[in-house]
Amino acid sequence: MGLEAALPVDGFLTTQLRHVINWARRNSLWPMPFATACCGIELMATACSRFDLARFGAEVMRFSPRQADLLIVAGRVSIKTLPVLQRIYEQMPEPKWVISMGACASTGGVFDTYAVVQGCDQFIPVDVYVPGCPPRPEQLIEGIMMIQRHIDQEGLPPPGGKRVPLGLAVAPTHGVRPQPVGISVGV
Ligand code: SF4
């Protein structure tokens, strides 16, 4: 929004003001959902009453990139869709952040084919990777909280500074359990 550029270089008042700006920005992330597949259903569930994304101030899903500062890529991205994703990312104003939600968005998932992008981070900078197929809404919320913590602690890059993707990853919430009953394959 250019607020940082208008502030004097240093001083007590500037620091306090920066805290207030970061606090406001952290608590009013506006997501731009780019939901192309089943992960989108979990994204919708995250915004519904059971998980209530509004508790974190991020429930105002915008379908206009110029009004959003958090791009959530949920689902596989095909080669044909890729230019649309890139256009949306470019149209979002700075500062902006990107979450890659689910195995398909991060790696192509099970769709190891020529038609599917094998990781959207090859084409746009990704800040937080949320694992799972699909991820639970709690995991997506954890990813959003990671960005909030970053805004709180690090603030924003200086005006004119280069945008560096954070490259954070949410830890999986569960491991694979052993097979309860021994199996054998007969002939
Ligand atoms: S990661 Fe799984 S749930 Fe998400 S879009 Fe891919 S196949 Fe669907």
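**Notes on the model**

1. Val164 is found in the loop between α6 and β5. Helices here are DSSP runs of H or I with at least four residues, and strands are runs of E with at least two, both numbered from the N terminus. Val164 has 9 other C-beta atoms within 10 Å and is therefore exposed. The cut-offs are 20 or more other C-beta atoms within 10 Å for buried, 12 or fewer for exposed, and partly exposed in between, with C-beta atoms placed from the backbone. Val164 and Asp127 lie 37 residues apart in sequence, and their C-alpha atoms are 8.5 Å apart.

2. On the source: this is a predicted model, in which local features need pLDDT of at least 70, side-chain atom pairs count only at pLDDT 80 or more, and totals for chains, interfaces and linings use all residues. Residues are numbered from 1 along each chain as its sequence is written.

3. The protein chain has six helices and five strands, in the sequence pattern α-α-β-α-β-α-β-α-β-α-β. Of its 187 residues, 28% are buried. Among contacts in the protein chain with a separation of 6 or more, 79% are between residues 24 or more positions apart. A contact requires C-beta atoms, placed from the backbone, within 7 Å.

4. The five strands of the open sheet are ordered β1-β2-β3-β4-β5, with parallel pairing. Its edge strands, β1 and β5 (168-169), each pair on one side only. Pairing requires at least two DSSP bridges between two strands. Strands β1 and β2 run parallel and are joined by five bridges, with Pro31 opposite Leu70 in β2. Strands β3 and β4 pair in the parallel sense over three bridges, and Ile99 stands opposite Val128 in β4.

5. The unit made by β1, α3 and β2 deserves a check by eye. It is a left-handed β-α-β unit. By the convention used, a crossover is right-handed if, with the strands pointing away from the viewer, the path from the first strand over the helix to the second runs clockwise. Strand β1 is mostly covered, with four of its five residues buried.

6. The largest nonpolar core has 36 residues, and those with the most contacts inside it are Leu70, Leu71, Ile72, Val73 and Met101. Two or more residues come from each of β1 (31-35), α3 (39-47), β2 (70-74), β3 (97-101), α5, β4 (128-130) and α6 (137-154). Helix α6 gives the most to this core, with six residues. A nonpolar core is a set of buried Ala, Val, Leu, Ile, Met, Phe, Trp, Tyr and Cys residues joined through C-beta atoms within 7 Å. In soluble globular proteins, nonpolar side chains tend to be buried together.

7. Which residues does Leu71 touch, not counting residues up to four places away in sequence? They are Met32, Phe34, Ile88, Tyr89, Met92, Lys96 and Val98. Leu85 is in helix α4 and counts as buried because 21 C-beta neighbours lie inside 10 Å. Leaving aside neighbours within four places in sequence, Leu85 is in contact with Phe34, Val73, Val77, Cys120 and Ile124.

8. The residues around the ligand are Ala37, Cys38, Cys39, Gly75, Arg76, Gly102, Ala103, Cys104, Gly109, Cys133 and Pro134. The criterion is a C-beta atom, placed from the backbone, within 6 Å of the molecule. Helix α5 (residues 102-107) gives the most to this shell, with three residues. By class, the shell has seven nonpolar, three polar and one charged residues. Ala, Val, Leu, Ile, Met, Phe, Trp, Tyr, Cys and Pro count as nonpolar, Asp, Glu, Lys and Arg as charged, and the others, Gly among them, as polar.

9. Most residues other than glycine have a negative phi, and most peptide bonds are trans. The bond from Cys133 to Pro134 is cis, with omega near -10 degrees, and Pro134 lies in the loop between β4 and α6. The bond from Glu94 to Pro95 is also cis, with omega near -5 degrees; Pro95 is in the loop between α4 (82-91) and β3. Asp52 is not a glycine but has a positive phi of about 50 degrees.

Notes
Two residues are in contact if their C-beta atoms, placed from the backbone, lie within 7 Å.
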